[in-house]
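Here is a short report on one protein chain. Keep the sequence and the structure in view while reading.

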Amino acid sequence: MTRKNTWAGLAVAVLLSLPLAACKDTKTLEENEQLKAQVAELQKENGQLGNDLETVTAARDTLAKENETLKAEVKARKTKRSGTKATSRKRRRN
């Protein structure tokens, strides 16, 4: 009789664990799908950020070239002015 009770208890335990295992697998599958969706979204954002980085880098390079051009113009103007002397003003006493 003890053997029958042991087998019956084991059978009941197995039967009760199957739905729990199936439920756990369902939850795992749902979490897996959510994570896949999040990974896909992050990859999309990463691609967009890469494009934005390229755009900003190109704009920075353009501004750096423009800045160098303007510095050269300012330097050229300063050298032209330094050749002529400004008239000095003296204060006169009365």
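In which helix does Leu18 lie? Leu18 is part of helix H1, which covers residues 2-82. The model is a predicted one.

**Overall fold**

The protein has one helix and zero strands. Its length is 94 residues, and 0% of them count as buried.

**Nonpolar patch**

Leu18 also belongs to a nonpolar surface patch. Is Leu18 buried or exposed? Leu18 counts as exposed because its relative accessibility is 52%, and the cut-off for exposed is over 50%.

**Salt bridges**

How many salt bridges does a search of the whole structure find? The search finds two.

| Side chains | Distance (N to O) |
|---|---|
| Lys36 and Glu33 | 4.0 Å |
| Arg60 and Asp61 | 3.0 Å |

Lys36 and Glu33 are both in helix H1. They sit three residues apart, about one turn of the helix. Glu33 has a relative accessible area of 49%, so Glu33 is partly exposed. Asp61 is at 35% relative accessibility and therefore counts as partly exposed too. Partly exposed runs between the buried limit, under 20%, and the exposed limit, over 50%.

**In brief**

Note on methods. Residues numbered from 1 in each chain as written. Predicted model: local features only at pLDDT ≥ 70, side-chain atom pairs only at ≥ 80, totals over all residues. Heavy atoms only, no water. Patch = residues over 30% accessible without salt bridge, like charges linked within 9 Å, V, L, I, M, F, W, Y side chains within 5 Å. Areas by Shrake-Rupley, 256 points an atom, 1.4 Å probe, with all protein chains shown as cover. Helix = DSSP H or I, 4+ residues; strand = E, 2+ residues; numbered from the N terminus. Buried < 20%, exposed > 50% of the residue type's maximum accessible area, 1.4 Å probe, protein only.
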